[in-house]
Amino acid sequence: MVFPMIIVMASIPDFEIAETGISKDNSAEAEQFKIRVDEIFQKVDELEQKVNEVEQFNLNSSKKQQSSSKGSSMGKERDKGRQVPSIKKQQQDASRREAAAAKRMQELMRQFGTIVRQITQHKWAWPFMQPVDVKGLGLHDYYEIIEKPMDFSTIKNQMEAKDGTGYKNVRDICADVRLVFNNAMKYNDEGSDVHLMAKTLLEKFEEKWQLLLPKVTEEERRRDEEEAEAQLDMQLVREAAHAKVVRDLCNELYEVDTHLEHLRETVVQKCRKMSTEEKRNLGTAIARLSMEDLNKALEIIAQSNPAFQAMAEEVEIDIDAQSESTLWRLKFFVKDALELQSRSAMSTGGNNNYNNKRKKEICDAIAKTAKKKSKKTSS
């Protein structure tokens with residue numbers, strides 16, 4: 001019979017509910033098998049979760065590698081020979097880096113403090129030393145024009161703060177110094193004394209800041225490099241941890257596979273032989289499968305018979321030629337598939353015309369095959 005029809009060599013009585021292949025005298029053993037199978041399913045669920053985690057990690061790592069692919073070849077060569085640090089060593093290195101960076105930043109802030117003192121000692125600095133007396137000077141629109149007031153006494157307090165609320169970066173101080181003068185120029189007219197004083201002092205400040213700026217830039221570059229190095233170390237630690245997960249996962253998968261193989265062999269040994277009547281029932285049931293389930297049934301046969309061409313144009317299923325383990329696997333699968341198919345048919349009102357036509361062709365093929373076998377037997 002040419003595909004899509006399948007030749008099933010068996011007779012055609014009704015297919016009853018599948019029974020276990022293990023004899024009733026071994027019901028205790030059957031229960032033990034069930035327990036072992038449940039344990040294996042639980043283990044498989046756990047392994048599936050681990051596999052998903054590894055896949056997600058690999059996906060994220062791939063994205064990071066693509067985003068950093070523009071890095072220099074020298075850096076890549078350096079990373080190849082890089083040893084994976086331990087978590088404890090990473091924490092120790094991070095503490096040392098942070099302490100050293102904080103010390104260097106304190107030195108930069110000390111040097112910046114010298115600039116601030118030089119500016120505040122200028123004869124024109126007095127209007128900017130304390131917060132603007134908005135109420136006393138009657139500046140009713142001050143807060144409508146100036147969003148963030150700033151003065152040198154506030155800057156000094158922030159620089160000397162010991163409670164952790166002070167400046168953490170020299171650029172933050174620089175921004176506030178500029179704000180002092182920019183606020184003054186923004187609120188006061190360009191021709192006013194305060195505007196001129198603020199503009200002059202801002203220019204002097206910028207000249208001095210340019211002398212310190214190279215050191216600040218170098219410190220920022222160094223911090224960026226150290227941060228990148230720390231991130232690389234963290235990535236290596238994560239990759240090493242996930243490599244161990246993958247190794248453990250492979251071992252666990254091998255262990256599960258071994259258990260399944262042992263269980264399969266044990267079940268085959270314990271299974272009674274399927275009767276002729278049961279084989280006939282199975283042949284009928286296969287003819288009632290949907291196209292999708294029929295393909296799955298063919299895959300079950302192909303698993304135990306590598307020479308079986310499940311996708312060939314003409315597929316012949318000789319029930320009598322199948323091994324006992326294959327027959328029982330087919331029987332259990334067909335039983336579950338037909339039950340599900342029956343429930344689906346009730347909810348959808350039946351299958352489409354194509355499947356109905358195909359089923360009819362299969363049943364016709366089975367009937368013809370059975371008739372041929374009957375004639376051969378009688379002759």
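Reader: In which helix is Asp176 found?

Author: Asp176 is found in helix α6, residues 170-187. Helices here are DSSP runs of H or I with at least four residues, strands are runs of E with at least two, and both are numbered from the N terminus. This is a predicted model, in which local features need pLDDT of at least 70 and side-chain atom pairs count only at pLDDT 80 or more, while totals for chains, interfaces and linings use all residues. Residues are numbered from 1 along each chain as its sequence is written, and side-chain values use heavy atoms, with hydrogens and water left out.

Reader: Why is Asp176 called buried?

Author: Buried means under 20% relative accessible area, exposed means over 50%, and partly exposed lies in between (1.4 Å probe, protein chains only). Asp176 has a relative accessible area of 9%, so the residue counts as buried.

Reader: What joins the side chains of Asp176 and Tyr167?

Author: A polar contact of 2.6 Å joins them. The term requires a pair of N or O atoms within 3.5 Å; within protein, one must be able to donate a hydrogen and the other to accept it, and residues adjacent in sequence count only if both atoms are side-chain atoms. Leaving aside residues up to four places away in sequence, Asp176 touches Lys148, Met150, Ile155 and Tyr167; a contact means heavy atoms within 4.5 Å.

Reader: How do you know that the buried residues of helix α5 lie on the same side?

Author: In helix α5 (residues 152-160), Phe152, Ser153 and Ile155 are buried. They cover an arc of only 160° around the axis, which puts them on the same side of α5. The arc is that of the directions from the helix axis to the C-beta atoms.

Reader: What makes Arg171 and Glu220 a salt bridge?

Author: A salt bridge is a side-chain nitrogen of Lys or Arg within 4 Å of a carboxyl oxygen of Asp or Glu. The closest N and O atoms of Arg171 and Glu220 are 2.5 Å apart, and the pair forms a salt bridge. Arg171 lies in helix α6 and Glu220 in helix α7 (residues 193-270), so the pair ties together parts that are 49 residues apart in sequence. Arg171 is partly exposed at 34%, and Glu220 is partly exposed at 24% relative accessibility.

Reader: Which residue forms a salt bridge with Glu206?

Author: Arg178 does, with the closest N and O atoms 2.7 Å apart. Glu206 lies in helix α7 and Arg178 in helix α6, so this pair ties together parts 28 residues apart in sequence.

Reader: Are Glu278 and Lys331, which meet in a salt bridge, buried or exposed?

Author: Glu278 counts as buried at 11% relative accessibility, and Lys331 is buried at 4%. Their side chains meet at 2.9 Å, N to O.

Reader: Why is the pair of Tyr142 and Tyr143 called edge-to-face?

Author: The structure holds seven aromatic pairs. The rings of Tyr142 and Tyr143 have their centres 5.7 Å apart and their planes at 85°, so the pair is edge-to-face. Rings of Phe, Tyr and Trp (its six-membered ring) pair if their centres lie within 6.5 Å; planes under 30 degrees apart count as stacked, over 60 as edge-to-face and the rest as tilted. Tyr142 is buried, with a relative accessible area of 6%, whereas Tyr143 is exposed at 56%.
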